[in-house]
Amino acid sequence: MSDERRWIGRSAPRTEDGRLLTGNALFVDDVDLSGTLHVSFVRSDLPSAYVRGIDPSAAHAHPGVAAVYLAEDLGDLCRPGPVLVPPPPIAGAEFHARTPLPLARDVVRYQGEPLAIVVARDRYVAEDAAALIDVDLEPRDAVVDLATALDEDAPRVHDDLESNQAAYVRQTKGDYERARAEADAVIARRFRYDRGVAAAIENRGIVAAWDPRADRLRVWDTTQAPIPIRAALAGALGLSEAQVRVIAPFIGGGFGPKIMFYGEEILIPWIAMQLGRPIKWIEDRYENFFATTQEREQIHDAELAVAGDGRILGVRDRFLHDTGAYDPYGLTVPINSQCTLLGPYRVPAYESEFRVAFTNKPIVTPVRGAGRQHGVFVMERLLDMAARELGLDRVDIRTINLLDPDEFPHDHEILYQDSAPLTYDSGDYRPVLDEAVRLSGYAEFERDRARAAADGKRIGLGIVSYVEGTGIGPYEGARITVEPTGAVRASTGVGTQGQGHFTAFAQVVADAIGVDPSEVRVVTGDTSEFHWGTGTFASRGAVVAGNAFHAAAEAVREKILTHASAALEVARDDLELVDGRARVRGAPDVSVGLGELAARANPLRGAVVPGTEPGLEATSYFGPERGSTANGVHAVVVEVDPDTAMVTILRYVVVHDCGTVINPMIVEGQIHGGVALGIGNAFFEELVFDELGGMSNASFMDYLLPTATDVPPIETAHRETPSPLNPLGTKGVGEAGAIPVAAAFAQAVEDALRDVAPELEILEMPLSPGRLFELLRETRDPARAPGDAT
Ligand code: MCN
């Protein structure tokens with residue numbers, strides 16, 4: 001690392017914003033190649049049906065239609081997609097992989113499953129023709145309710161399986177039965193989490209162009225994982241990887257579902273090759289509600305065994321996870337729930353088992369937080385209820401159980417989603433909680449509550465903790481080149497969907513080689529620039545790609561110093577790298593520019609010394625042995641109107657620790673975005689399915705997202721406990737904001753209503769105003785059944 005560590009830790013202005021704000025950032029739909037044909041999909045409007053026949057003749061005959069494809073036209077391409085993340089090797093675990101075909105053939109298993117594709121001169125014609133395709137579907141019984149999906153008499157989503165059970169996993173540590181026997185209290189509850197969509201501003205989209213003269217395929221794709229997509233495309237289309245270039249340009253949000261490998265991603269390039277014309281498909285919003293993956297449906301039966309002083313003795317959790325109609329993403333989401341439940345706490349005994357159910361609903365894969373919300377919700381709610389039952393303070397019951405700094409690394413004796421042991425690398429949890437207590441005014445809150453009550457207002461405070469496994473492997477890479485012009489080019493394989501990578505990675509490079517971050521041109525997500533790596537998920541960019549950039553930049557720094565030492569005839573140790581020049585310490589006028597050194601490193605005459613390489617360039621990789629563990633505390637103050645059940649968020653405080661912070665402004669932005677998403681998930685967003693599995697609110701008119709007026713200013717404080725697992729000491733932050741919101745929100749709402757509804761327990765998410773209204777009425781007057789509108 002440079003002596004002049006000037007950029008890491010500073011809120012450098014975002015280098016990408018110029019392009020974004022002036023309309024010069026390329027998004028997939030901006031790719032406008034001459035001769036492009038457009039695609040519309042015919043999708044099943046039933047969630048569960050036999051495909052009895054599809055007659056495309058009217059669409060074929062429609063003017064402007066270039067082609068129509070059904071499953072039977074796809075040949076070998078029509079085979080089930082891969083399991084993208086094989087489940088970890090957990091003893092006794094069971095996993096039945098069922099992945100979708102690019103176009104459904106005999107059976108459709110969720111509403112929106114694609115059945116046919118129309119290719120036409122424009123999108124309007126393609127949609128008109130798609131509407132002419134005659135699809136004969138014979139309805140089958142649908143599996144909709146997660147609670148009964150595994151019942152013996154439930155209809156089968158996949159006929160070849162004995163039940164709808166897609167997976168079973170049990171992980172344990174310690175002796176829960178003993179913990180239970182020794183406990184002074186056992187708190188047992190059933191918790192539910194319902195479904196939502198990721199709702200990125202930009203829907204998915206793909207443009208593909210086959211160039212027969214160059215024998216190459218170019219694909220612009222809104223993916224979070226361009227390199228795996230390239231490998232999959234090459235394999236499926238019979239091409240070498242070098243013939244396929246995948247570009248993930250600027251992307252208007254990913255939030256998880258764009259990590260999936262979808263049938264459309266194979267079909268559009270295949271059609272481009274079949275027809276020899278560029279092909280474009282841009283998902284529309286309605287389509288996105290079905291065709292893009294979703295998350296969050298789980299039911300937990302959990303119990304906490306606790307001593308009279310609040311010490312956690314053990315936790316048992318048995319839960320159901322809804323994977324939708326297929327399970328291409330393995331067990332990442334439920335394993336995250338299982339592991340994240342343990343939180344920042346000392347839990348001597350843990351018994352956790354889950355069953356994954358197939359249902360006739362859209363496919364579930366990670367959405368920001370990726371199952372961690374559920375774990376935090378369950379644990380934090382149990383702690384709240386234990387505190388209440390034992391007459392303890394909510395903060396005290398948390399403090400007493402926090403792991404101490406000398407307990408790291410802390411091995412939880414179970415496996416994490418990346419197959420590595422769940423071992424927390426580092427942390428200092430108590431100061432984080434103390435700071436949140438201080439910033440939220442927890443100690444003075446009774447006074448505030450009394451004041452508000454005098455004005456007829458009911459306010460409540462929620463305060464919860466979480467940890468997040470971030471920065472998992474396997475690896476990422478980076479290449480840095482200093483060009484003879486002095487320009488610095490830095491590329492990596494991860495794609496970017498708004499996380500500020502261009503700036504943060506430039507800061508890492510800038511620190512090592514002594515330039516301004518604005519001079520480092522970062523390229524992400526273009527396989528022609530860098531083709532090793534996996535993608536953007538699991539809050540791993542800062543850890544994995546960040547440290548790859550760090551390693552490559554340090555290697556380039558070494559080369560710069562070697563060449564500068566020769567050029568200036570001074571010892572390397574006497575040199576410093578500042579403002580794009582290598583200069584002599586104490587004699588700044590004696591210097592040489594990086595561009596000049598780059599030219600020297602690539603001579604047109606003479607000889608490059610054997611054992612050295614030309615140019616000021618280096619490629620490095622970083623693969624962490626396991627993920628690093630970030631942590632934090634959220635506190636929220638709400639006002640609840642007990643008559644209307646309207647909740648207003650008055651304050652939101654986040655204190656968090658993501659190790660070394662590269663760019664505090666970006667990190668705060670990530671937290672703000674995450675909290676906004678969490679607020680949406682907690683209070684606004686819920687997909688509603690009818691009993692046949694049909695989605696009732698697939699539009700932003702009915703599926704409510706929080707708007708700017710619903711998201712309060714968020715007060716943020718950082719603490720830094722550097723991770724020992726990577727040289728920069730970073731931990732991830734991209735999902736953290738979203739993870740504990742529901743738990744904090746539930747506690748705050750209960751707290752606000754404790755005088756009017758002391759029995760109220762919030763055991764489910766989301767909690768729309770309507771649902772809170774029902775719960776309140778039920779609690780105050782148990783004779784009234786839930787949903788009774790009278
Ligand atoms: N960062 C930092 N210092 C740290 C940690 C992170 O400065 N100690 C910076 C990073 O350099 C990066 C950003 O914060 O610019 C997020 O970093 P990280 O936590 O490593 O997350 P990723 O880069 O891997 O991004 C993925 C993560 C995930 S999994 C989802 S989902 C998500 C998220 O990021 N989707 C997003 N944040 C998003 N933000 C936007 N705008 N859009 C999305 O789709």
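1. Ligand surroundings. The ligand has 32 residues around it, and the closest are G254, Q499, H501, Q670 and V733; a residue counts as near if one of its heavy atoms lies within 4 Å. The model is a predicted one, in which local features need pLDDT of at least 70 and side-chain atom pairs count only at pLDDT 80 or more, while totals for chains, interfaces and linings use all residues. Residues are numbered from 1 along each chain as its sequence is written, and side-chain values use heavy atoms, with hydrogens and water left out.

2. Backbone atoms at the ligand. A polar backbone atom of V733 is 2.6 Å from an oxygen atom of the ligand.

3. R449. This residue lies in helix α12 (residues 445-454); helices are DSSP runs of H or I with at least four residues, strands are runs of E with at least two, and both are numbered from the N terminus. R449 counts as buried because its relative accessibility is 9%, the limit being under 20% relative accessible area with a 1.4 Å probe and protein chains only. Its side chain makes a polar contact with the side chain of D751 at 3.0 Å (a pair of N or O atoms within 3.5 Å; within protein, one must be able to donate a hydrogen and the other to accept it, and residues adjacent in sequence count only if both atoms are side-chain atoms). A polar atom of the R449 side chain also lies 3.2 Å from the backbone oxygen of I459.

4. Helix α14. The 28 residues of α14 (residues 541-568) should span 40 Å at 1.5 Å a residue, and the end C-alpha atoms are 37 Å apart, which agrees; the expected span is 1.5 Å times one less than the number of residues. Of the 28 residues, 20 are buried, so α14 is largely enclosed by the rest of the structure. Just after α14, E569 takes a positive phi of about 55°.

5. Lining of the largest cavity. A cavity is a set of points on a 1 Å grid over the protein atoms alone where a 1.4 Å probe fits but cannot get out, and lining residues have an atom within 4 Å of a point. The largest cavity is lined by 17 residues, with Y416, L422, Y424, G469 and T629 nearest its centre. Elements giving two or more residues to this lining are α8 (332-340), β18 (421-424), β19 (459-470) and β27 (628-640).

Terms used. 1 Å grid on protein atoms, 1.4 Å probe; cavity = no way out; pocket = protein on both sides within 12 Å on 5 of 7 lines; lining within 4 Å. Buried < 20%, exposed > 50% of the residue type's maximum accessible area, 1.4 Å probe, protein only.
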